[in-house]
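Please open the structure in a viewer and keep the selection panel at hand.

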Amino acid sequence: MSELPNAADAVEVLTRHKNYSNLTRTAKLIAKHDADTRTIFGFWVYLMTDCVLFASLFAVFAVLHNNTYGGPTGAMLFSLPYVLAETLILLSSSFTCGLAVLSAQQRHKKRVLLWLGVTFLLGASFLGLEVNEFNKFVRMGDSWRRSGFLSSYFTLVGTHGLHITIGLLWMAVMIGFVFRRGITDLVLKRIRMLSLFWHFLDVVWIFIFTIVYLFGAIKL
Amino acid sequence: MARILLKVKTKKHWLLVLLFSVIIAISGAYLSSVNIPVLEPKGVIADKEFRLLITVVLIMCIVVVPVFILLAYFIYKYRDDNPSKKRYSPDWDGNRLIEGIWWLIPSVIIGVLSVITWNATYALNPYRPIKSINPPIVVQVIALDWKWLFIYPAQHLASVNQLNIPLNTPVHFYLTSDAPMNSFWIPQLSGQIYCMPGMRTQLYLEANQAGTYKGWSANISGIGFAGMMFNTTATSRSGFNRWVAKIQADHNLPNLSFGAYNRLAKPTLYVPARYYRQPATDLFQAIIDKYMLPGFSYGRSLTPVSSPATGKGVV
Amino acid sequence: MSGAAYFASFWLGKLSLKALPPSAIQWFGASLMILVPLGIALLLSVTHRWKWLYHEWLTTLDPKKIGVMYIIVALAMLLRGGADVALIKTQQALSAGSNAGILSASHFQQIVTAHGTIMIFFVAMGLMFGLINLLVPLQIGARDVAFPFLNATSFWLFFGGMVLVNISLILGDFAATGWLAYPPLSELHFSPTVGVDYWIWSLEIAGIGSLLAAINFLVTILKMRVKGMNFMKMPMFVWSVLGSMLLVAFAFPILTVTLTLLALDRDIGTHFFTATGGGNMMMYVNLIWAWGHPEVYILILPAFGVFSEVVSTFARKRLFGYPSMVWAIAAIVLLSFIVWLHHFFTMGAGSDVNAFFGIMTMVIAVPTGVKIFNWLFTLYRGRIRMASPLLWFIGFVVIFTIGGMAGVLMAVPPVDFQLHNSLFLVAHFHMMIVGGVVFADFAAITYWFPKIFGFKLNEKLGRLAFWLWLIGFLLSFVPLYILGFMGATRRLNHYSASLGWQQLFIVSAVGAAIIGMAVGVQILQFAVSIYQRKANRDKTGDPWDGRSLEWSTPSPVPFYSFAKTPQVSTRDAFWEAKKQKQTSTPQPYEDIVLTKNSPLALVIAGGALIFAFAVVWHIWWLAIVGLLIVIATIILRSMDEHTEYILSASEVERLDRAYLKAGGLSK
């Protein structure tokens, strides 16, 4: 077997060919296009699995939402105007994120930075409001330890918040990326995926808003 | 040459057949000498479940037997070292008719089984009362770490790891757990049902042969799980009444107060049978309810104050 | 808390000297867990192979090598799970009446839990993902998977989960709850040690690895098939993997959620599954089986795929009823999500609910039966070569059919009331998982071994191993059916002598010992085959007269897989090409884009392992370190725009000619 070529040869070949530059133009384009389609498609598949994750958490919430165990109900805790404000902020961040994608497609670096920055700020404010709300509940003694209902509430909303945090981290990295490298194809692809992710979180939030807050607050 | 080969093979086959027969004979002799509770039911419910089991096995044989025969036959016939002539059709890869047959026949069989299943599931629902000329007796079952507590509310007594029941009389169990989940199972009398903390399940059974039947927990519940075995003694109605009277008259036996219950509920292993008189009223319900009370955590003793009956639930 | 105690609990969490093993047997296990890796490290140092290990294996993104690593880890874990079996069987054969056996109750229960967990997650899943990595790209004519880096990350996460399970032998204990850790037993009150946490976090890491792998292979199969291979021309193994990966994608997020909620209950005092505080323990049971039942089909579908390939190759005949097979897979995928409640008919649900789930469970028997008939009719009018992969198939049909019959029996709720949680159930699912999945994996290893390593395995020893396995397996598990009828429940560390169970437990232990011998023979088979590798060399690249594209490559498969992109116009593409003696129109060699090696996947999994270990022991600063390693590495990797390299056409030609010369391929 030893006489056969192996990956070590490939490394040798690699040093000889100094990566991309030697690729024929067509092969390069075809490979890249295929890879891009795959990545976006793969990201959709990932979002689907994330949907299942949220669906499981919603199911848990549905089972536990009446188990207040002597603790407060949703109606006692939630302030709809506050949550509505959160919702509007997140919705507008989704809009600005869309604008960032549009600008990226036009390879307009400054505008991309602007819109990503605005989206980041809006997302961060949303997160701040959520943390503030959690903090308020915990201080009142209504933490996740209080009841099955509150456990599932904090976990469902908190998981969304965790996703938002990851999205913000990603956005920060992308801002740095755009700032240093401009709008390359890779950056464009990543911004597209980021915006998919962000819109997805928006949709999940709409469900949270409706099922957790709206139904919770209406029920007496 | 081929003939000699075949002959040798046949001899080998006979040896195999002989070996097989010996194994079957030994297993048969062994099996007929031991007690196999699920296959030797002594109660109404277990008997029906056993009959159902046999019916389902027989129906499934309609598919399973042909599979074994076809497998053996095809492997034998189409081996490339089998010298007899046979057809070889390397490109024959489908036939709607015969594929249709093996979509259809299993479907029909499953259809028949489905009807049987549907009816049997209703008929043998553990919550379904058993029709009998004798009125049922009620037994409350509490799975503890690691023993069973049986409360006879009408007879005003309780027992640990010993269940006495009258013959030909439906027994209506209410079950819960004051420990991790357990599964209550007396194979010769009926199938099992879960006992879960904070929840109540039910089970009906009826013994129609006198005897002592083992019961145990079928769900892992901690280090003492293997020792959660109890005897079920099924006797005539008068025998049962004598047992009840004996315990009620034995003034050396403690009353099952809340305090006595709390002492009993502490984890213990391989607990021998033990009896109590006068179980506290609503003890069973209080054990379930305590899990619903705010501020309750595992391991907290049951106190009469925390019984919802007093209305002072909050600790 | 005193200053020193505070200091210790900050830096070490719950970790202390008390975490070291309490009994002699546990010390033995722990020393093995330390000595085996040390031994391997020593061997590597002596033979100066560290660099080789790093460049060829640790940093590789080549799915073929990752597949081999999956299989090596899985086989090692098979030995670990097998050692568990030896202890379980010895204990059960001895511990009747006054004899307490060799293990304490808690230790026995830990071993039972570890056995189940390891065999499912680190053996069956590992072998499955190994085969998928090796075969899917080759069978669809692709040189790589869709996301090579993600793929390596999946593997190393799987590896990390495996490491964490085994650390529990040295530090602390393992869950003593049964392999699915039902609450409230698995809640903090009843299981206060770190055992359940080890269970949670090893499955969490390995589970996320599986989920990522599923995304990867879904995209690979859907987007990277070679031109001309439409869905109805895919090899059946690829179809079965597609079904299985769909199930992973839909089921594993549920596992992630369930495990996380249990961890939250234990670590921060939530009330999801507690009996008190408004939790709902039966919700856990529902959730874990909403993952757990699809999991069974996740494992069995690729096994079906393997047998489809093996049967048609060794019958030298096209697979019978290909469209039926595809529909059967589709039916199984759909149905597997609406049967989970059959795992707890005894919960006390209404007759309508129980009957519905019972009937749905039986319906799955139809597509499964169709598959078996299709395989049988693939043999019909074939020209059957009785090589050991086909022997495994025969063993599979026998055992799987018996096990399947037991399964249908338990799908009838009232019958299940008498069989649930008994050894009958244990015998049933071992017949499905061992007879189905493990036998398929052995068939696959024998069958594809020459493709990956360039030489065949010793056939004589392979046959001997098969017969020992079959006899040992039947001897071990048929008694369990009877014990189940006798009322013996699962996970019993001790039983009353008066029940008359001991003889059968002894017979079962003898069966297990024969399986142990079978495994010994398999190890010998590997050793002998490696020793005689020159004589067993596969020079043709097609040692079994194969049918699908992987056999068109030289053995062992070169790192770029295909020198020229294969052309497909029919099912069984390679078989058809051979039949028509149609050496495809000479194509020019092309530039090939390949992925560079990267150590970062290993780093990510290392960070995840540190995080998980730290959370198990409540060492919060270390958990943050682990998490930061993961995040930083992902960001670092995302910065890298030059992850690929080019193998130029001339270079491919040079390598290919060298291969053809060395392998003696006449193409």
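Select Gly167(A) and the residues around it: leaving aside residues up to four places away in sequence, Gly167(A) touches Leu194(A), Phe197(A) and Trp198(A), where contact means heavy atoms within 4.5 Å. The C-alpha atoms of Gly167(A) and Leu194(A) are separated by 7.3 Å, although the two residues lie 27 residues apart along the chain. Gly167(A) belongs to helix 6 (residues 148-181) of chain A; helices (H or I, at least four residues) and strands (E, at least two) are DSSP runs, numbered from the N terminus. Gly167(A) counts as buried because its relative accessibility is 0%; buried means under 20% relative accessible area, exposed over 50%, and partly exposed in between (1.4 Å probe, protein chains only).

The model is predicted: local features need pLDDT of at least 70 and side-chain atom pairs count only at pLDDT 80 or more, while totals for chains, interfaces and linings use all residues. Residues are numbered from 1 along each chain as its sequence is written, chains are lettered from A and ligands numbered from 1 in the order in which they are written, and side-chain values use heavy atoms, with hydrogens and water left out.

**Chain A as a whole**

Now display chain A alone. Chain A has seven helices and zero strands. Of its 220 residues, 49% count as buried. Among the contacts in chain A with a separation of 6 or more, 82% are between residues 24 or more positions apart.

**From chain A to chain C**

Select Tyr69(A) together with Thr276(C). Their side chains are joined by a polar contact of 2.8 Å; such a contact is a pair of N or O atoms within 3.5 Å, and within protein one must be able to donate a hydrogen and the other to accept it, residues adjacent in sequence counting only if both atoms are side-chain atoms. Thr276(C) is located in the loop between helix 8 (236-268) and helix 9 (281-314) of chain C. Is Thr276(C) buried or exposed? At 4% relative accessibility, Thr276(C) counts as buried.

**A helix pair in chain C**

Two packed helices are described by the angle between their axes and the distance between the axes. Select helix 6 (residues 148-170) and helix 18 (residues 600-617) of chain C: they pack at an angle of about 35 degrees, with axes 8 Å apart. The axes are lines fitted to C-alpha atoms, for helices over the stretch in contact, and angles run from 0 to 180 degrees between N-to-C directions. Show the side chains next: the residues of helix 6 of chain C that meet helix 18 of chain C include Phe149(C), Trp156(C), Gly160(C) and Ile167(C), and those on the side of helix 18 include Leu600(C), Ile604(C), Ala608(C) and Phe613(C). By class, this contact has 16 nonpolar, two polar and no charged residues; Ala, Val, Leu, Ile, Met, Phe, Trp, Tyr, Cys and Pro count as nonpolar, Asp, Glu, Lys and Arg as charged, and the others, Gly among them, as polar.

**Strand 2 of chain B and its partners**

Strand 1 and strand 2 of chain B run antiparallel and are joined by five bridges; two strands pair if DSSP finds at least two bridges between them. Ile142(B) stands opposite Leu149(B), and a hairpin through two residues links the two strands. On the pairing with strand 3 of chain B, also antiparallel, there are four bridges, and Phe150(B) stands opposite Ser159(B). In the hairpin of strands 2 and 3 of chain B, His156(B) takes a positive phi near 55 degrees.

**The open sheet of chain B**

Finally, select the five strands that form an open sheet in the order 4-10-9-6-7 of chain B, with mixed pairing. Strands 4 and 7 stand at the edges with a single partner strand each, so one side of each is left without a neighbour in the sheet. The twist averages 20 degrees from one strand to the next. Strand 4 of chain B runs parallel to strand 10 of chain B, with five bridges between them, and Pro166(B) stands opposite Thr235(B).
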